[in-house]
Amino acid sequence: MNEPTLLVHTCCGLCLAAIVDPLRRFGRFTVYFYNPNIQPLLEFRRRAKSVHVLAEQQRLDAIVDERYDAKAFLGSVPWDRPQRCLACYRMRLRATAALAAEKGFSAFTTTLLASGHQDHEAVRRIGREEAARHGLRFYEEDWRPLAARGHEEAKRRGLYRQQYCGCLFSEQERFEGPRPRREAGTRLHGYRGASETESAEGGGET
Ligand code: SF4
């Protein structure tokens, strides 16, 4: 059986850097940056640029949607987790599935599966549902063990490394309140993402 032609929804250069090598077994694949959830504008541009830069360095085919519309995102998702994150996954994977179908790919996947901060069960479920709407395959693999490698690669390549998940709410959740105490000799790392709160099945996330 032929390997599927793959469209890779890509949230940022950091997560893409983690999984470029395993993705190469698909032969040529295409990166798709579509993340209307990222705010504010300069943060959005930094992440889009990191995908441009990595795609150029690695000679990857890439489609980068650089339209920024915070009002549209904030007006179309619930504002509290977990429903907000479920709607956010849905929005991005729905658009990816539609583009994959339009352009003749047979499968799609997402770099969200390389992040330890996302709700993997929800991402996989929504990915399968959106794939089924178009007769596509959602390629699912647990790439979380490669996350540390993504950080190292991003550092080595000078790619932007974000400090929070993406939306304004997640920026507030990451930074408000007392700063976490740093023990001597340790690094602060990671951000509070969806996975810390989620187990709910997503009613109303679409
Ligand atoms: S916290 Fe992350 S996954 Fe959840 S809505 Fe915000 S950007 Fe999307």
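Modeller: Helices (H or I, at least four residues) and strands (E, at least two) are DSSP runs, numbered from the N terminus, and the expected span of a helix is 1.5 Å times one less than its number of residues. This is a predicted model, in which local features need pLDDT of at least 70 and side-chain atom pairs count only at pLDDT 80 or more, while totals for chains, interfaces and linings use all residues. Residue numbers start from 1 along each chain as its sequence is written.

Let's take helix H2 (41–58).

Next, see which residues are covered. A residue is buried if 20 or more other C-beta atoms lie within 10 Å of its own, exposed if 12 or fewer, and partly exposed in between, with C-beta atoms placed from the backbone. In H2 the buried ones are Phe44, Arg47, Ala48, Ser50, Val51, Leu54 and Ala55. They sit on the same side of H2 because they cover an arc of only 145° around the axis, an arc being that of the directions from the helix axis to the C-beta atoms. Leu41, Leu42 and Glu56 are exposed, on the face turned away from that buried side. After H2 comes Arg59, with a positive phi near 55°.

What does the buried side meet? Its residues pack against H1, S2, strand S3 (61–64) and helix H6 (147–157); two residues are in contact if their C-beta atoms, placed from the backbone, lie within 7 Å.

H1 (13–23) is itself mostly covered, with nine of its eleven residues buried. Among what covers them are S1, S2, H2 and H6. Ala17, one of the buried residues of H1, touches Leu54, along with Gly150, Glu153, Ala154, Arg157 and Leu159, leaving out residues up to four places away in sequence.

Finally, zoom out to the core. A nonpolar core is a set of buried Ala, Val, Leu, Ile, Met, Phe, Trp, Tyr and Cys residues joined through C-beta atoms within 7 Å. The largest one has 54 residues, and those with the most contacts inside it are Leu16, Ala17, Ile19, Val51, Tyr89 and Phe108. H1 and H2 are among the elements giving two or more residues to this core, though its largest share, nine residues, comes from H4.
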